Amino acid sequence: MPRLNRKQKRRREEQEGFMALHAFMNAVIGVFRLYLFIMSTILHRRPELSPNPDFYQTQVNNINRLVRGNDVDCHDQLRVNRHIFMRLCCLVRGVGLRDSRNVCLEERVAIFLWVLAHHTKQRRTKFHFYRSSETISRHFNVVLQAVLRLHRMLLETPEPVPANYQDSRWNWFQV
């Protein structure tokens with residue numbers, strides 16, 4: 001290797017110094033980026049939602065708000081007013097349907113009427129009533145079977161209009 005004069009030696013030392021400074025700055029920047037990454041993952045974590053300790057009370061409050069609130073809300077959600085809802089619960093209770101271990105009869109009937117009124121899927125119904133799909137399906141089918149047992153009481157067969165009926169408006173409906 002040829003000998004270098006002073007000027008070239010100084011230039012080479014400056015270049016080596018700049019390269020060392022550049023390597024040092026890259027190391028510092030790397031450590032700083034690592035620090036920022038760690039801090040961002042620690043400080044900006046996805047917030048964890050705490051479980052609701054009053055989960056079952058929330059279910060009861062939902063039914064009370066739906067059924068024992070006002071007639072407008074009950075009619076908007078179930079398509080019956082509160083009086084008819086309670087009468088239907090009494091009729092279904094008379095057929096032999098009772099409260100289950102986790103779901104009261106009123107909530108079962110509300111699930112049944114909700115599905116009929118809104119023509120919804122089980123996913124939407126389970127979200128509204130805070131229940132699983134299996135629970136929604138089972139209670140809907142149980143209330144449906146009870147209502148089908150009530151069909152003679154709920155649906156009356158009309159009597160035909162006799163031929164000699166006094167009111168002339170009903171003569172069109174003779175047979």
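This report covers surface patches, salt bridges and cysteines in a predicted model.

Start with charge. Arg3, Arg6, Lys7, Lys9, Arg10 and Arg11 come together as a positively charged patch on the surface. Arginine 10 belongs to helix α1, which covers residues 6–43. Its relative accessibility is 52%, so arginine 10 counts as exposed.

Now the nonpolar side. Phe18, Leu21, Phe24, Met25, Val28 and Ile29 make up a nonpolar surface patch. Together they have about 600 Å² of accessible area. Phenylalanine 24 sits in helix α1. Phenylalanine 24 is exposed, because its relative accessibility is 52% and the cut-off for exposed is over 50%.

## Salt bridges between helices

Side chains of opposite charge can pair when their charged atoms come close. The count here is four salt bridges.

One of them joins aspartate 71 and arginine 82, with the closest N and O atoms 2.9 Å apart. This pair links distant parts of the chain: aspartate 71 is in helix α3 (residues 71–78), and arginine 82 is in helix α4 (residues 82–95). Eleven residues separate them. Aspartate 71 is partly exposed at 36% relative accessibility. Arginine 82 is partly exposed too, at 30%.

Another salt bridge pairs arginine 93 with glutamate 106. Their closest N and O atoms are 3.3 Å apart. Arginine 93 lies in helix α4 and glutamate 106 in helix α5 (residues 105–118), 13 residues apart. Buried or exposed? Glutamate 106 counts as buried, at 15% relative accessibility. Arginine 93 counts as partly exposed, at 28%.

Glutamate 134 forms a salt bridge with arginine 138. The closest N and O atoms are 3.0 Å apart. Both residues lie in helix α7 (residues 133–149). They are four residues apart, about one turn of the helix. Glutamate 134 is partly exposed at 47% relative accessibility, and arginine 138 is partly exposed at 38%.

## Cysteines without disulfides

A disulfide is a covalent bond between the sulfur atoms of two cysteines. How many disulfides does the whole structure hold? The search finds zero. Cysteine 89 is in none: the nearest cysteine sulfur belongs to cysteine 90, 7.0 Å away. Cysteine 89 is buried, with a relative accessible area of 2%.

Cysteine 104 is partly exposed, with a relative accessible area of 29%.

Notes
Residues are numbered from 1 along each chain as its sequence is written. This is a predicted model: local features need pLDDT of at least 70, side-chain atom pairs count only at pLDDT 80 or more; totals for chains, interfaces and linings use all residues. Side-chain values use heavy atoms; hydrogens and water are left out. Patches are made of residues with over 30% relative accessible area and no salt bridge: like charges are joined within 9 Å, nonpolar side chains (Val, Leu, Ile, Met, Phe, Trp, Tyr) within 5 Å. Accessible areas come from the Shrake-Rupley method with a 1.4 Å probe; for residues, only the protein chains shown count as cover. A salt bridge is a side-chain nitrogen of Lys or Arg within 4 Å of a carboxyl oxygen of Asp or Glu. Lys and Arg count as positive and Asp and Glu as negative; His and the chain ends are not counted. The place of a charge is taken as NZ of Lys, CZ of Arg, CG of Asp or CD of Glu. Helices (H or I, at least four residues) and strands (E, at least two) are DSSP runs, numbered from the N terminus. Buried means under 20% relative accessible area, exposed over 50%, partly exposed in between (1.4 Å probe, protein chains only). A disulfide is a pair of cysteine sulfur atoms within 2.5 Å.
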